[in-house]
Structure formats: C-alpha cells, structure tokens
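Let's take a walk through a protein model together.

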Amino acid sequence: MKQQSQWILLISTSIVSFMSTLDASIVNIAVPKMSRDLNVPTNQAEWVVSVYLVLICVLLIFFGKLSDQIGRIPIFQVGTLIFIIGSLACGLSLNLPLLITARIVQAFGASMTMSTNFGIITQIFPSNKHGLALGVNSSFVQVGNLAGPGLGGLILAYFNWHYIFFVNVPIGIIAYFLGHHFFPHSKIAPNNIKIDIFGFITYAGTISSFFIMIFWGQVIGFGNLKIIALIFLTLILLIGFVLVENHTKNPLINLRIFHNLSFSFGIVSTMLVFAVGYFNNMIIPFYLEDTLLLSSAVAGLILMFVPILNIISAPIGGYISDHIGAERVSFYALFIFIIPELIFISVRPVWSLAWLIIALATFGIANGAFQNNPMIMGNAAPEFQGIAGSIASLSRNMGMSIGLALATSLLYFGISLRSGYRITTYPDKHPDWFVFGMHFAYIFAFGMIISAMFLLAGLLYYQHHRRISEKKIN
C-alpha cells in the first residue's frame, strides 16, 4: 500500500476510534441535563452511560474473533455506519427508552470498530512503523477517553446535550468514505465462520455480572451481601469460561495468547493506567466547579490540557518505541505520572490554579507517552492480531469501569471518614471534606501507578535475561 494511503487510513480509523471512545466518557457530564430534560431520576439517566460501556465490553471479543475469520476491514466499515446511525438516533431521542435503544445501536457499532482498528493498523503498516502508527492511534483513543469532561463542558456551555451525539454524524460519514475509497477490498467467506457459543455465553455472563457488581456496589456499598454474592458469581462464571475455552476446538479466545508475559503484563498495566485516568474524569470536574466555583466552560478549558498534551506526546512515544521498545518507553512514562499524582494528593483551594494546570498537562504527557497499544499488539502473533486488538480495547474499557468505581467509592469513603457519617454527594457546606476525600482517593491512584511500574520493571528484567539466554544458546 502507498505510504500516503496508509496515513489517510490511519487518520480515518483513528477518528472513528476517537469518537467511539469519547462517547464512553463525554456523556457523564451531560447526565444531569439529560435527567432534567427527559424528566427522569438521575440514577435512571445514568443507564445511558452504563448500557454503552457494558455492551461494548460484552461484544468486543466476539467481533474480534469474527474479524480474524472474515476480515477486519468489512467489520470496521459496517461498524462505522452503525455507529453513525446510532449517534443520529441518540441526538434525535426525546425520551429515555428511545435514547437507551439508540445507545445500544451505537454500542454495537463502537464494539465493531474498537475490536478491529488496532489489527487494521498493524495490517496496513510495515512492522518497523507499528510503534509510530499505533502511537498516533493511541493519541486519538486516549484523547477520546480523557477529553470527555472538557469537551462535554464546552458543548453544554453553548448547546444542548443532543449535540454531543450530533457532532459524530458528519465526522463519521467523512471517515467512512475515506475508508471506502482507500481500504483494500476483499470478498467475505461466510463458510469460514465458526462461533464458540458456550464460550461467548460464559464470557458475556462474566462481564455482565462484573459490571452489575461495580455499578450496584457504588449504590448499596461493596460490603453488602448481595454484592459479595455477585463477586462469587463473577468468579464462578470466569472459571467456567476458562474451562470451556480450554476444551473447545475453536475457542472464542485462544488462551495461549496470555502465555506471552509481555502481552499479559501490557494488558494489566493498561487497565491500571486507564483506571487512574478515570480518577481525573470523575473527581477533578467536581473540584473545579464545586470547590473552586469555576464555570463549566472554564473547567472544560482547563481539563483540555490533558488531551492536548496527550496528542503531542503519543506519536513521539510511539516513534521512540520503534527504536527502544514499547515496554521501556511505557516504563519511563510511569515515572512522569508520579508528578501529577503527587500534586493531586497535595493540592488545596488556596494553591495557585497553575499547579493544577501543571498536574493536568504533565498527566497528558505521561498518558500519551505510555505505549499501551504497541506494547500489546507488538507481542501478539499475526494470527492473534484481531483478538489481541479486542483484548486491548477490553482492557481499556475495563480499566475505565474499575477507575469509575474506585474513584467514586474512594472519594465518598474519604469524605465520610472526614465527616464521621456516610455521604454520597458533594458536601456543599464543607468543601474541605471533599478535598480530604479527593486526597484519599488519589493516594490509591498513586499506588496503582507504582504497581504498574513494578509490573513493567519485572517484565523488562525478564526480557533482558531472556535475551542473554538466547545469545548464549546461539
């Protein structure tokens, strides 16, 4: 493929990746307005967020496996069209049932594009440019994840919530026709399709049970017996899934892919980093708007420092990873994360706003430099590229979900510790309680970064000794 066409296709797939990821985070900030406009309680309006996230995670592996059998490009292109239709339907929805139905359609399309975009990129680019290409795509994906609160705040400052979905339509149409023109076309062979039904059922049950446990646990508390029962159910379903996959001729996920330590450690570290990123999405908007009393427009502009710096650092990190390895670049990036996390642990309302801007900008640099996609895709064999891309997207979404649960639970637990009784909303008369809860939550976020650092340090040590052993053998 010509180099010009490669880059056009990279931008096309990255734009769709950006939109589908953005729609997982941007809706959070619009939930209160949706609740008022649709005349429904806030907890019901939050299903608009939850349904999208859960269904994507349930379908990612299915479409990743399907793409390995019939081709990634057809699934990506069809998924783009479905996502556009779903976005238009979301924007036109006038009641909650219609909106949730439209979000289900949107999630189907998003899962098809998320499960195939990484595999397409490694397919159309030569191996010596995988780091740079995946780094560019990673910048779009991570910006989509991080820009939600900021971009959503800016849109809502001037338009109603419907435009959060409408903006996807013209951009998605352009991306689809670019792909239609430049993607290589191949015939689909429907006879090659083999679906592991029992594997998919146990996998879908595991994911659904996990998310119900996460979302319900935030409401009634994770110590509740019902939540503990759900934890055991999730573990039982997970064990059942592993047993099914190990005894199936054509499994949904060939578990041999996890035998590669570099791949497995990349998955776990990605989950940790994306979980930490979601702490910012959930906590910092409250701090800016309710504690510092800034407008949503100003808060949105400040939050945009993360994605802007992310855009710059991700391709640079990808370029460097092509020369020294994605694991090493990601390990160095984790040291940069320490700076913003220490500021978030210490910052107080009397501090200059410049400190918070420095923290958000540094976080954006670190997040972009962390090369999760090259680290994961570079350690998956060619026959696993489709399913590896799905697992990479799944780890990102799982990380976001875990971050959502941890951030809110730790924040309100910290506030409750400070107040002496249980609180699950912002303490308007005691902003100092919120600051205490924020610091409490970010101590755990800091611990997650340190955990990822130890994981990658161990991986680099293992890779170093493996290279030495191989040299001695040769």
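Start with Asp432, which forms a salt bridge with Arg418; the closest N and O atoms of the two are 3.5 Å apart. Asp432 lies in helix H21 and Arg418 in helix H20 (residues 385-419), so this pair ties together parts that are 14 residues apart in sequence. (Helices, H or I with at least four residues, and strands, E with at least two, are DSSP runs numbered from the N terminus.) Why pair up at all? Side chains of opposite charge can pair when their charged atoms come close. To count as a salt bridge here, a side-chain nitrogen of Lys or Arg has to be within 4 Å of a carboxyl oxygen of Asp or Glu. A search of the whole structure turns up 1 salt bridge.

Before going on, keep in mind that this is a predicted model: local features need pLDDT of at least 70, side-chain atom pairs count only at pLDDT 80 or more, and totals for chains, interfaces and linings use all residues. Residues are numbered from 1 along each chain as its sequence is written, and side-chain values use heavy atoms, with hydrogens and water left out.

Are the two partners buried or exposed, or something in between? Asp432 counts as partly exposed because its relative accessibility is 39%, and Arg418 is partly exposed too, with a relative accessible area of 41%.

**Patches on the surface**

Stay with helix H21, which covers residues 431-473 and gives the largest share of a positive patch, 3 residues. The members of this patch of positive charge on the surface are Arg328, Arg466, Arg467 and Lys471. Lys and Arg count as positive and Asp and Glu as negative, while His and the chain ends are not counted. Each charge is placed at NZ of Lys, CZ of Arg, CG of Asp or CD of Glu. Patches take residues with over 30% relative accessible area and no salt bridge, joining like charges within 9 Å and nonpolar side chains (Val, Leu, Ile, Met, Phe, Trp, Tyr) within 5 Å. Take Arg466, found in helix H21: at 37% relative accessibility, Arg466 counts as partly exposed.

Leu225, Ile228, Ile231, Phe232, Leu235, Ile236, Leu238 and Val242 form a nonpolar patch on the surface, and together they have about 740 Å² of accessible area. (Accessible areas come from the Shrake-Rupley method with a 1.4 Å probe; for residues, only the protein chains shown count as cover.) One of the members, Ile228, lies in helix H13 (residues 225-246) and is partly exposed, at 31% relative accessibility.

Helix H13 also holds Val244, which is partly exposed at 21% relative accessibility.

Ala441 is found in helix H21, and at 0% relative accessibility it counts as buried. Its C-alpha atom is separated by 7.9 Å from that of Leu406, 35 residues apart along the chain. Compare a second pair, Ala354 and Phe440, which are 86 residues apart along the chain and have C-alpha atoms separated by 22 Å. Ala354 lies in helix H18 (residues 353-369) and is partly exposed, at 38% relative accessibility.

How many disulfides does a search of the whole structure find? It finds 0. A disulfide is a covalent bond between the sulfur atoms of two cysteines, and the cut-off used here is a pair of cysteine sulfur atoms within 2.5 Å. The sulfur of Cys57 has its closest cysteine sulfur in Cys90, 17 Å away, so that pair is too far for a bond. Cys57 is buried, with a relative accessible area of 0%, and Cys90 counts as buried at 0% relative accessibility.

**Two loops to finish**

Leu293 sits in the loop between helix H14 (261-291) and helix H15 (296-303). Phi of Leu293 is near 60°, again positive in a residue other than glycine, and Leu293 is exposed, with a relative accessible area of 69%.

Technical notes:
Buried < 20%, exposed > 50% of the residue type's maximum accessible area, 1.4 Å probe, protein only.
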